[in-house]
Amino acid sequence: MGDRANIIVVRKNGTHELYRTGWAVGIDLDLLDGPASLLAMLPELRQDGWWLDDTMAQGGILLDLGRKVLLFFAWEGPTTELRHRAATFALIRAAWPGWEVRWLYDGPAELREYLGLDTDYVRSPDPDLSPAPLLAPDDEDLAGPDPGGVVITIGTKRCHVASDAFDHPVREGAALLNRLMHAPRHKICRMHVNSGIHLDPQHRRMGWWSLYSSPHAYQVPDMWPGWRVEFWQDNWRQHARASDRFSPAPLDTPEEATAAVIAQAEERRPISSGNP
């Protein structure tokens, strides 16, 4: 299957084991049953020596059994959805009592960094960016309750939306402003996107957030020389405070979101247990 992820288990003696799965989309749902259930799925997935790089890894998990640390990231799944992220994290933490649970914004590089391994090993050798298309308000990619996408606001007057299926627009640096000059405009973005950028060209300030991992997430300031760059991690509300052009529609109640995530997990169990 094409949706791949690495899973790393760090044993109590400090040694680690590498596994690879073919069911990365929704891999965050596999954490809802706790560590014992996840470990029981792994024996047939052992993969010595092959780490997926940061363009191939659509998800990743690290369990440190000695320190009780759980690290993970995903490109798709309820943790990357505005409506369901908080409920999913609450369910995971409840299933992993006593564990430190952390999301990784730079994907497989952070997994290797945790182990003290060379992060360049998982950096894609292709330096060329794939600019994300800029979408019109009626684009079919923006339909549905969780369309994803990257909302880009400029000051308090302009709003654009980019696809999230390509390189994150934040990696384009200030050249992004030129691309936005003739891009389709949105009056107010009320969609449940999963990433955003706010630009203040007058003061050369930029802030961004993301619910999914993005290669080189912590090197973004280097891509915007002369700008003050803030990484808001998953705090989309900071973007909403910075520009009234981004005002997501009301989210589900915690009870509704929790029920939806549990239902997704129930549908997934036969898939993840039967497809290595």
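Helices here are DSSP runs of H or I with at least four residues, strands are runs of E with at least two, and both are numbered from the N terminus. This is a predicted model, where local features need pLDDT of at least 70, side-chain atom pairs count only at pLDDT 80 or more, and totals for chains, interfaces and linings use all residues. Residues are numbered from 1 along each chain as its sequence is written, and side-chain values use heavy atoms, with hydrogens and water left out.

I start with glycine 226. It is placed in the loop between α5 (220-223) and β11 (228-231).

Next, the aromatic rings. Rings of Phe, Tyr and Trp (its six-membered ring) pair if their centres lie within 6.5 Å; planes under 30 degrees apart are stacked, over 60 edge-to-face, and the rest tilted. That rule gives 10 aromatic pairs. One of them joins phenylalanine 89 and tryptophan 103, edge-to-face, at 6.1 Å centre to centre with 65 degrees between the planes. Phenylalanine 89 is in helix α2 (residues 85-95) and tryptophan 103 in strand β5 (residues 100-103), 14 residues apart. Phenylalanine 89 is buried at 8%, and tryptophan 103 is buried at 9%.

Last, charges over rings, meaning NZ of Lys or CZ of Arg within 6 Å of the ring centre and within 35 degrees of the ring normal. Arginine 85 lies over the face of tryptophan 103, 4.6 Å from the ring centre.

Notes
Buried < 20%, exposed > 50% of the residue type's maximum accessible area, 1.4 Å probe, protein only.
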